[in-house]
Amino acid sequence: MDKTLYVRTDIGTGDPIILLHGMFADGSQWQEIARLLSADFRVIVVDLLGHGLSPRPKNATYSDKEHVQALRSTLESLKATKDITVVGYSMGGAVALAYCSTY
């Protein structure tokens with residue numbers, strides 16, 4: 001399974017803030033918020049697994065665990081795993097909670 005998510009936005013400097021979208025959406029919904037936050041943070045917006053331009057693996061169950069693994073792999077590739085804030089709504093909120101409880 002391809003474990004790297006599509007990175008829609010990676011702008012700004014400072015501690016990373018990760019913005020996760022809800023069900024039936026993609027990261028484009030965060031565009032204006034990302035621009036505003038980029039004055040103080042490194043803002044990273046991804047399309048979650050199976051959404052937007054991210055991979056849609058054939059055998060995926062789209063469990064919280066799979067989303068967390070894909071998000072972690074992506075953040076590691078961006079060198080953005082320390083001092084992060086993860087924000088999400090709807091499904092993205094569930095992924096944010098699962099990610100933070102794991103890491």
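Reader: What span should helix α3 have, and how far apart are its end C-alpha atoms?
Author: At 1.5 Å a residue, the 12 residues of α3 (residues 91-102) should span 16 Å, and the end C-alpha atoms are 17 Å apart, which agrees. The expected span is 1.5 Å times one less than the number of residues. Helices (H or I, at least four residues) and strands (E, at least two) are DSSP runs, numbered from the N terminus. This is a predicted model, in which local features need pLDDT of at least 70, side-chain atom pairs count only at pLDDT 80 or more, and totals for chains, interfaces and linings use all residues. Residues are numbered from 1 along each chain as its sequence is written, and side-chain values use heavy atoms, with hydrogens and water left out.

Reader: Which residues of α3 are buried?
Author: M91, G92, V95, A96, A98 and Y99 are buried in α3. They cover an arc of only 170 degrees around the axis, which puts them on the same side of α3; the arc is that of the directions from the helix axis to the C-beta atoms. Buried means under 20% relative accessible area, exposed over 50%, and partly exposed in between (1.4 Å probe, protein chains only).

Reader: Why would residues three or four places apart point the same way?
Author: An α-helix has 3.6 residues a turn, so residues three or four places apart point the same way.

Reader: Which exposed residues are on the face turned away from the buried side of α3?
Author: That face of α3 carries L97 and S101.

Reader: And what do the buried residues of α3 pack against?
Author: They pack against β2, α2 (64-77) and β4, where contact means heavy atoms within 4.5 Å.

Reader: Changing topic, what is the order of the strands in the sheet?
Author: The sheet is open and has four strands in the order β1-β3-β2-β4, with mixed pairing. Two strands pair if DSSP finds at least two bridges between them. The edges are held by β1 (6-11) and β4, each with a single partner strand, so one side of each is left without a neighbour in the sheet. From one strand to the next, the twist averages 20 degrees.

Reader: Where does α3 sit relative to that sheet?
Author: Helix α3 packs on the sheet and touches β2 and β4, and its direction makes about 155 degrees with that of β4. Axes are lines fitted to C-alpha atoms, for helices over the stretch in contact, and angles run from 0 to 180 degrees between N-to-C directions.

Reader: Is β2 enclosed by the rest of the structure or left exposed, and why?
Author: Five of the five residues of β2 (residues 16-20) are buried, so β2 is largely enclosed by the rest of the structure. P16, I18 and L20 point one way from the strand, while I17 and L19 point the other way.

Reader: How many bridges join β2 to β3?
Author: Four bridges join β2 to β3 (residues 42-47), and the two strands run parallel. In β3, I18 has I44 as its bridge partner.

Reader: What about β4?
Author: Strand β4 (residues 85-88) also pairs with β2 in the parallel sense, over four bridges. In β4, V86 is the bridge partner of I18, and G88 is that of L20.

Reader: One last topic: where is A25, and what does A25 touch?
Author: A25 is found in the loop between β2 and α1. Not counting residues up to four places away in sequence, A25 touches H51, G52 and Y89. A25 and M91 are 66 residues apart in sequence and 9.7 Å apart in space, C-alpha to C-alpha.
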